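Please read them with the structure open.

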Amino acid sequence: MSEATSSPGHDRRVALVTLGCARNEVDSEELAGRLASEGWRVTTDSDDADVVLVNTCGFVAQAKQDSVDTLLAAADGGAAVVAAGCLAERYGEQLAGALPEAAAVLSFDDYPDISDRLSAVLAGEQLPAHAPRDRRKLLPLTPADRAEARTGVRLPGHAQPGSSEPDQATPAHLRPVLRRRLDRSPVAPLKLASGCDRRCTFCAIPQFRGAFVSRPPEELLAEAEWLADSGVRELLLVSENSTSYGKDLGDPRLLEQLLPQLAAVTGIARVRVSYLQPAEMRPSLVEAIATTPGVAPYFDLSFQHASEPVLRRMRRFGSTERFLSLLQEVRRLAPEAGARSNVIVGFPGETRPDVAELARFLEAASLDAIGVFRYSDEDGTEAAELPGKVSDAAIARRYDRLLALAEELCAQRAAERVGSTVEVLVDSVEEGVVEGRAAHQAPEVDGCTTLVGQVAGLVPGDLVTAKVCDSDGVDLVAEPLQSAPVAAEDRQTAGR
């Protein structure tokens, strides 16, 4: 279906509330598309809604608590409240039992019939919650065997083989897009793939998101064109592990081929890749991200730690020297490239020397943004059973120390960019304040850039070449260098 509209004569109203990451935003827009095509009025405002559908996050303890709090708050409004998303998928009937305020707890398997499920809720029917299952076991262990085995396995954001929505006999570029936008932002996430085949001992995501499955390139290009037609200027490529894209489609270097094709979509000014796995980074992908016109030289590298003993216990690979070597190669190709990462402190067995090694890495890495997280046991993970637990007090001290260090280092990195030239995509213009993001700044998780000086006439979606004149923490202040925004087509052809 194309961007769906509500059918006259229907008066069912549903509010979609999205928590968590950009992948959830894509899933919510798929649900919105399905519901709107069935005549539902879809909004993000819970006021006067008949149903509030909360797309929850179930990654870590704080995210789970936020999801529960949101469900409870929604229930206070008087509408029927339905839980979907990762927390709902992960805990199913357990969540339903603990949260009677929710009228229903749905699985990813319910998404194709979401309109029927919500209609049943409004009719007062009691929908039994699902028993959670390990979704990694729904598809073959061998990635190449998954495409043919996918029939009947529901993957949010993917076309469903064997179903009529969309018709698989129709070429991808002619199929309607199963999505409806929930905002008018000039940046939108585009889901490359679902699931993850890695076995990081602290992470439960593969259990409820399943094995890694790539979306076909033609499906992605069709959705990118649809997004561009709806006003999107920047595509944020998301998945659980973008470096694995294509391995189940017979070409582990498929992302290198896809990036220039996405950047060439008419109207798209910038393509950004997120969720890169350092252990899977290869020279050809580093080069493609660093040098392809229209692709942001931006490296979202999930290092998690730098101490080799800790990384081994996490079932991850690398070291301070290997990570620094990777960053050195990135900056050899693109000296102004952006780099960000997340790290975990307090993992079982972590010692003071391990923390010192992590600090040594961060001090040498010159990252633009660093997310610092405290370790906590997650249900069903291998790390929850590991010996050598770090006390809560020690985790708190290490977290405070590393967070302060990260803020100081990232502020220094931003200050080093003063005097440089950046390309800023305008995100918002409110009461004369023009804010956007340079190529090294991803939406939501990194800093932003405020444009000052000759900014009259700029609107969201404009791409502006500017000179950085100041910094404030990780944020920048910059002055436009030209009177008119850079046209997307000019940006895409520059340097070819």
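1. Terms for the strands come first. Two strands pair if DSSP finds at least two bridges between them. Strands (E, at least two residues) and helices (H or I, at least four) are DSSP runs, numbered from the N terminus.

2. On provenance: this is a predicted model, where local features need pLDDT of at least 70, side-chain atom pairs count only at pLDDT 80 or more, and totals for chains, interfaces and linings use all residues. Residues are numbered from 1 along each chain as its sequence is written, and side-chain values use heavy atoms, with hydrogens and water left out.

3. The barrel. Five strands close it in the order β14-β15-β16-β18-β17, with mixed pairing. From one strand to the next, the twist averages 50°. Strands β15 (residues 433-437) and β16 (residues 449-451) run antiparallel and are joined by three bridges. V434 has L451 of β16 as its bridge partner.

4. A helix pair. Helix α1 (residues 22-37) packs on helix α4 (residues 114-122) at about 70°, with the axes 9 Å apart. Axes are lines fitted to C-alpha atoms, for helices over the stretch in contact, and angles run from 0 to 180 degrees between N-to-C directions. So α1 is roughly perpendicular to α4 (65 to 115 degrees). L31, R34 and L35 of α1 make the contact with I114, S115 and L118 of α4 (heavy atoms within 4.5 Å). These residues divide into four nonpolar, one polar and one charged. Here Ala, Val, Leu, Ile, Met, Phe, Trp, Tyr, Cys and Pro count as nonpolar, Asp, Glu, Lys and Arg as charged, and the others, Gly among them, as polar.

5. Salt bridges. The structure holds 40, each a side-chain nitrogen of Lys or Arg within 4 Å of a carboxyl oxygen of Asp or Glu. One of them joins R90 and E378 (2.9 Å, N to O). R90 lies in helix α3 (residues 85-98) and E378 in the loop between β13 (369-374) and α13 (392-416), so the pair ties together parts 288 residues apart in sequence. Both R90 and E378 are buried (under 20% relative accessible area; exposed is over 50%, partly exposed in between; 1.4 Å probe, protein chains only).

6. Further pairs. D134 bridges to R136, with the closest N and O atoms 2.8 Å apart. D134 is partly exposed at 23% relative accessibility, and R136 is partly exposed at 22%. K247 meets D197 at 2.8 Å, N to O. The two sit 50 residues apart, K247 in the loop between β9 (234-238) and α8 (254-263), D197 in the loop between β7 (193-194) and α6 (205-209).

Conventions:
Angles under 35 degrees count as roughly parallel, over 145 as roughly antiparallel, 65 to 115 as roughly perpendicular and the rest as oblique.
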